[in-house]
Amino acid sequence: MMDVLQITNAWVGQGRKVALATVVETWGSAPQPVGSQLVVDADGNFMGAVSGGCVEGDVISTAVDIINTGIPRILEFGVADETAWRVGLACGGRIKIYIEAVA
Amino acid sequence: MTPEILAEISAARKKRMAVALITDMKTGAQQIVHPDDVRGHALSADLEKGFRFDKSAMVGDHFVAVYNPPLRLVIIGAVLIAQSVIPLAQACGFDVTVIDPRGAFATGARFPDVSLHADWPQDVLPKLGLDARTGFMALTHDPKIDDPALDLALKSHAFYIGALGSKKTQSARRERLSALGFDDVALSRVRGPIGLNIGAVGSAEIAVSIMAEMIKALRLGFE
């Protein structure tokens with residue numbers, strides 16, 4: 001099983017600038033449990049998952065911004081959310097994701 | 001998250017030590033909490049629950065992320081059912097250790113991707129330290145090998161203890177273990193016949209039923 005935190009630590013050790021996204025709340029059906037993590041570097045390379053692939057695109061582009069700004073953000077995706085519907089959380093659940101830079 | 005906090009959590013995981021990370025979602029401030037520091041902490045009840053059930057959760061404005069050590073499965077018996085259980089266990093995130101004093105069974109060719117010990121369980125288990133993140137299975141059918149291992153497993157914090165064998169085998173085993181001084185409460189920790197009853201046929205399906213029982217014990221505790 002993938003240990004995203006160890007990967008993050010290894011990437012930081014290589015001098016890469018990274019951000020860590022963590023699922024902090026879920027409602028209804030959600031493919032990845034609370035605590036699931038995804039690490040992103042400044043080039044958009046990523047490991048891990050915060051959904052079944054539905055919102056990763058949005059999370060990655062936001063994470064790259066956060067690597068530059070250093071300001072953590074909370075993203076929420078769900079069926080009631082126009083934006084989320086566009087990126088497609090088709091399982092019908094709702095998830096809240098905390099994204100922070102490692103710096 | 002600072003690189004220092006990341007490195008500290010990372011080091012704890014390598015040492016099989018549990019830690020929790022509390023993040024204030026309003027400010028981004030973070031604090032590492034070790035299980036020994038839970039008592040007296042403002043979020044002690046939530047931290048305790050988190051460590052026990054391996055669950056991260058929001059508590060008010062704080063996110064409590066639980067980083068428990070990797071799960072571990074110790075199997076006594078380098079037998080066919082062990083070979084079927086191992087890939088399922090590994091897919092579920094378990095580090096697997098196999099112990100069997102019979103050198104013909106415990107070969108690297110038969111068990112390539114595990115920590116393998118061709119020794120008696122009573123010689124190996126004390127060195128491993130069976131903690132609350134460890135599941136245990138006695139699969140040899142041979143009391144000479146299984147019983148001393150079960151004796152040690154029952155004295156440990158292993159979250160799951162399963163023993164292969166029919167109902168008749170189980171009741172004979174129960175008597176032998178009870179002669180070692182274990183009471184009914186202690187003996188009720190031994191799951192046997194091993195596995196959930198899903199009508200499993202053959203070693204692969206039995207492996208599914210055993211894994212289901214172990215995951216149930218991990219996630220729901222014993223009822």
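How far apart do the C-alpha centres of domain 1 of chain B and domain 2 of chain B lie? Here are some notes to read beside the model.

1. **Ground rules.** This is a predicted model, in which local features need pLDDT of at least 70, side-chain atom pairs count only at pLDDT 80 or more, and totals for chains, interfaces and linings use all residues. Residues are numbered from 1 along each chain as its sequence is written, chains are lettered from A and ligands numbered from 1 in the order in which they are written, and side-chain values use heavy atoms, leaving out hydrogens and water.

2. **The two domains of chain B.** The C-alpha centres of domain 1 and domain 2 of chain B lie 31 Å apart. Domain 1 covers 3–67 and domain 2 covers 71–220, with bounds from an automatic or database domain assignment. Their contact (heavy atoms within 4.5 Å) takes four residues from domain 1 of chain B and nine residues from domain 2 of chain B.

3. **The sheet of chain A.** Follow the order E3-E2-E1-E5-E4 in chain A and you trace an open sheet of five strands with antiparallel pairing. Helices (H or I, at least four residues) and strands (E, at least two) are DSSP runs numbered from the N terminus, and two strands pair if DSSP finds at least two bridges between them. At the edges are strand E3 (46–48) and strand E4 (73–78) of chain A, each pairing on one side only.

4. **Where the helices of chain A meet.** Helix H1 (residues 4–13) of chain A packs on the sheet, touching E1, E2 and E3 of chain A, and its direction makes about 20° with that of E2(A). Angles run from 0 to 180 degrees between N-to-C directions, and axes are lines fitted to C-alpha atoms, for helices over the stretch in contact.

5. **A meeting between chains.** H1(A) also packs with helix H1 (residues 3–14) of chain B, at an angle of about 130° and with the axes 9 Å apart. The two helices, H1(A) and H1(B), are therefore oblique to each other; under 35 degrees counts as roughly parallel, over 145 as roughly antiparallel, 65 to 115 as roughly perpendicular and the rest as oblique. Among the residues making the contact are Leu5(A) and Val12(A) of H1(A), and Leu6(B) and Ile9(B) of H1(B).

6. **The sheet of chain B.** Six strands of chain B form an open sheet with parallel pairing, in the order E7-E6-E5-E8-E9-E10. Five bridges pair strand E5 (residues 71–76) with strand E8 (residues 134–138) of chain B, and Val74(B) stands opposite Phe136(B) in E8(B).
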